[in-house]
Amino acid sequence: MAGRFVPRTTAVPPQGPVAGPRDAASAPLTRIWTPPGPLDLRLVLSPLRRGPADPAYRALPDGTFWRATRTPAGPGTLRISAPGDGRISAAAWGPGAQWLLDGLPALLGADDTPDAFEPRHRLVALTQRRRPGLRLLRTGLVMESLIPSILEQKVTTDEAYRAWRLLVRTYGTPAPGPSDEAFGKHGLHVMPDARTWSLIPSWEWHRAGVDSKRSATILRAVRVARRMEEAAAMDLPEATARLQLIPGIGPWTAAETLQRSNGAADAVTVGDLHLPGIVGHALAGNRHADDEEMLALLAPYDGQRHRATRLIMLSGHTPARRAPRMTPRDIARL
């Protein structure tokens with residue numbers, strides 16, 4: 001924050017150009033793309049959704065998906081649909097429109113290699129046959145996934161989703177294009193840029209329910225945002241190491257980020273509260289499995305362990321829910 005004084009009674013306004021209803025009349029750029037095989041848009045894009053009211057993502061009942069993001073070329077809005085003829089139809093608005101359309105195949109798994117996956121368990125094989133449209137997406141954007149992953153550290157998903165929603169709506173910018181027309185007053189928002197994240201006052205983090213440890217980790221990351229974004233072009237070991245140079249970013253956060261930004265098929269989420277028990281239950285009948293046992297069970301899928309866990313989650317063969325193991329906190333009231 002050097003060089004700028006922020007009054008304690010004034011919130012920092014969003015930085016950068018504000019896109020809104022005036023952009024709605026702008027003609028979008030469009031693209032038609034034919035995927036190389038079966039493609040289920042909902043399965044592919046669902047990892048980008050951060051809660052049912054995510055201000056940067058919408059999935060409509062008609063099978064249309066909207067995404068607002070901050071690209072290297074600037075803010076952009078992407079609308080994707082599958083007309084039913086085997087092709088994918090996309091439209092994009094804003095300075096980042098061309099970047100989003102150029103990256104459409106990678107986003108929808110064109111670089112993924114599902115044919116390289118060999119099921120070693122009957123449950124996994126059955127799920128793979130039932131879900132032929134599953135591909136691992138690749139956004140090519142690290143900070144977009146890193147910041148919400150940090151918000152999800154050691155809290156319930158509801159707490160993390162609330163924080164993401166409040167911060168993006170308050171400090172982000174309205175998405176380019178017809179967002180307001182399509183979604184009303186709660187239209188899509190593009191997440192803040194690195195500078196804006198760094199200028200959010202401490203009391204606003206507190207109001208969003210984000211403790212000082214997580215907010216400090218985000219502040220450290222945004223100060224080197226360009227270096228973080230370079231990880232999108234790295235192999236998994238190098239990308240993981242790059243992210244974990246930031247204090248507060250460990251294996252769990254790195255994996256959750258690189259699964260989305262890099263389409264990392266082997267980025268298994270270690271340190272998760274529930275995943276070891278789910279994998280243990282599905283593959284060995286042990287709902288009390290820990291990380292060590294989970295990794296042993298996933299060893300036959302080396303190179304594709306993230307895909308294996310996605311298929312296990314999609315199988316529906318998960319242990320019955322018991323009482324919550326983590327109690328939501330509301331630090332904003334403290």
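This is a predicted model: local features need pLDDT of at least 70, side-chain atom pairs count only at pLDDT 80 or more; totals for chains, interfaces and linings use all residues.

Biologist: In what order do the strands of the open sheet run?

Modeller: Some terms come before the case. Helices (H or I, at least four residues) and strands (E, at least two) are DSSP runs numbered from the N terminus, and two strands pair if DSSP finds at least two bridges between them. Here 5 strands, in the order S1-S5-S4-S3-S2, form an open sheet with antiparallel pairing. Strand S1 (29-33) and strand S2 (57-59) are the edge strands, each pairing on one side only. On average, neighbouring strands of this sheet are turned by 20° against each other, direction ignored.

Biologist: Over how many bridges do S3 and S4 pair?

Modeller: S3 and strand S4 (residues 74-81) pair over 7 bridges, in the antiparallel sense. Take Trp-66 as an example: its bridge partner in S4 is Arg-79.

Biologist: What shows where empty space is left?

Modeller: Rolling a probe the size of a water molecule over the atoms shows it. On a 1 Å grid over the protein atoms alone, a cavity is a set of points where a 1.4 Å probe fits but cannot get out; a pocket is an open set with protein on both sides within 12 Å along at least five of seven lines; lining residues have an atom within 4 Å of a point. Grid points are joined across faces, edges and corners, and a volume is the space filled by probe spheres set on the points. This structure holds 2 cavities of 30 Å³ or more.

Biologist: Which residues lie nearest the centre of the largest cavity?

Modeller: Leu-48, Ala-56, Ala-68, Glu-144 and Trp-164 do, out of 13 lining residues. The volume of the largest cavity is about 140 Å³. S3 and H5 each give at least two residues to its lining.

Biologist: What lines the second largest cavity?

Modeller: Its lining is Leu-45, Tyr-57, Phe-65, Trp-66, Arg-67, Leu-78 and Ile-80, around a volume of about 30 Å³. S3 supplies the largest share, 3 residues.

Biologist: How many residues line the second largest pocket?

Modeller: There are 18, with Arg-70, Met-143, Ala-194, Ala-225 and Glu-229 nearest its centre. About 270 Å³ of space lies in this pocket. Strand S3 (65-71), helix H5 (143-151), helix H8 (194-198) and helix H11 (225-229) each supply at least two lining residues.

Biologist: What describes two packed helices?

Modeller: The angle between their axes and the distance between the axes. Axes are lines fitted to C-alpha atoms, for helices over the stretch in contact, and angles run from 0 to 180 degrees between N-to-C directions. Helix H12 (residues 236-243) and helix H13 (residues 251-261) pack at about 130°, with axes 9 Å apart. H12 and H13 are therefore oblique to each other; angles under 35 degrees count as roughly parallel, over 145 as roughly antiparallel, 65 to 115 as roughly perpendicular and the rest as oblique.

Biologist: At what angle do H14 and H15 pack?

Modeller: Helix H14 (residues 275-284) and helix H15 (residues 291-298) pack at an angle of about 45°, with their axes 9 Å apart. That makes H14 oblique to H15.

Methods. Residues are numbered from 1 along each chain as its sequence is written. Side-chain values use heavy atoms; hydrogens and water are left out.
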